[in-house]
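Dear colleague,

I am passing on the structure below, with the sequence alongside.

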Amino acid sequence: MSTIFKKIIDREIPASIVYEDDVVLAFLDIYPIRKGHTLIIPKKESVNIFDTDADTLAHMMIVAQKIAVGITQSLGAPAVNIHMNNGTEAGQDVFHIHLHVIPRYERGEAFVVPKHESYDEGEERECAEKLKTAIA
Ligand code: AMP
């Protein structure tokens, strides 16, 4: 099912587009965490990292580097966060894959993890083994 981002790709609704090529579009987030907060989306629709082809993902990251450098040069931000929410539980609201590039100005203003977990005895090894087996 198409999302609001498809309407931006098709120019049915406005967006402040800052970069475009054959594969992706980059535009300012309408509700920026910091001014200059940019979203990078592929023109071909997919939901998130789980159904997007590797070449498209790689290209999104190449463009993220371009945007990140542009943000530091044009907006004076010394740092950026690049993140992607994949799935409802991860905070994804728009189900058309997108990378966030967010300017950061102050140490300590980035995302705060309220509480870290710790592994019980043997649990870290077990977790690593499960993951290694799954991706082997
Ligand atoms: P996420 O929570 O990772 O799915 O992020 C979706 C992002 O899309 C949010 O940061 C929204 O502010 C942004 N957004 C939603 N609609 C628009 C729009 N029409 N133009 C620009 N950004 C949008």
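**Overall picture**

The protein has three helices and five strands, where helices (H or I, at least four residues) and strands (E, at least two) are DSSP runs, numbered from the N terminus. Read from the N terminus on, these elements follow the order α-β-β-β-α-β-β-α. Please keep in mind that this is a predicted model, in which local features need pLDDT of at least 70 and side-chain atom pairs count only at pLDDT 80 or more, while totals for chains, interfaces and linings use all residues. Residues are numbered from 1 along each chain as its sequence is written, and side-chain values use heavy atoms, with hydrogens and water left out.

The C-alpha trace spans about 55 × 35 × 25 Å along its principal axes. Of the 136 residues in the protein, 32% are buried; here buried means under 20% relative accessible area, exposed means over 50%, and partly exposed lies in between (1.4 Å probe, protein chains only). The accessible surface comes to about 9,500 Å², and 56% of that surface belongs to carbon and sulfur atoms; the areas come from the Shrake-Rupley method with a 1.4 Å probe, and for residues only the protein chains shown count as cover. Among contacts (heavy atoms within 4.5 Å) between residues at least 6 apart in sequence, 55% join residues at least 24 apart.

As for charge, the mean positions of the 14 positive and 21 negative charges are 5 Å apart. In that count Lys and Arg are positive and Asp and Glu negative, with His and the chain ends not counted, and each charge is placed at NZ of Lys, CZ of Arg, CG of Asp or CD of Glu.

Helix α2, residues 54–75, has 22 residues and reaches 31 Å from its first C-alpha to its last, which is close to the 32 Å expected at 1.5 Å a residue; the expected span is 1.5 Å times one less than the number of residues. Its buried residues are Thr56, Met60, Val63, Ala64, Ile67, Ala68 and Ile71. Seen down the axis of α2, these buried residues fall within an arc of 160 degrees, so they line one face of the helix, the arc being that of the directions from the helix axis to the C-beta atoms. They pack against β1, β2 (24–28), β3 (38–42), β4 (79–83) and β5 (99–104). On the face of α2 turned away from the buried side are the exposed residues Ala54, Asp55, Ile62, Gln65 and Gln73. Just after α2, Gly76 takes a positive phi of about 75 degrees.

What is the count of buried residues in α3? For α3 that count is zero among its 13 residues, and the helix is hardly covered. Helix α3 covers residues 123–135 and reaches 18 Å from its first C-alpha to its last, close to the 18 Å expected at 1.5 Å a residue.

**Residues in the loops**

Arg11 lies in the loop between α1 (4–9) and β1 (17–20), and its phi is near 60 degrees, a positive value in a residue other than glycine. By way of background, most residues other than glycine have a negative phi. Arg11 is partly exposed, with a relative accessible area of 46%.

Gly36, in the loop between β2 and β3, is buried, with a relative accessible area of 16%. Leaving aside neighbours within four places in sequence, Gly36 is in contact with Leu28, Ile71, Leu75, Val101 and Pro103.

Lys43 is found in the loop between β3 and α2 and is partly exposed, at a relative accessible area of 25%. With neighbours within four places in sequence again left aside, the contacts of Lys43 are Ile9, Glu20, Asp21, Asp22, Val23 and Val24.

With kind regards
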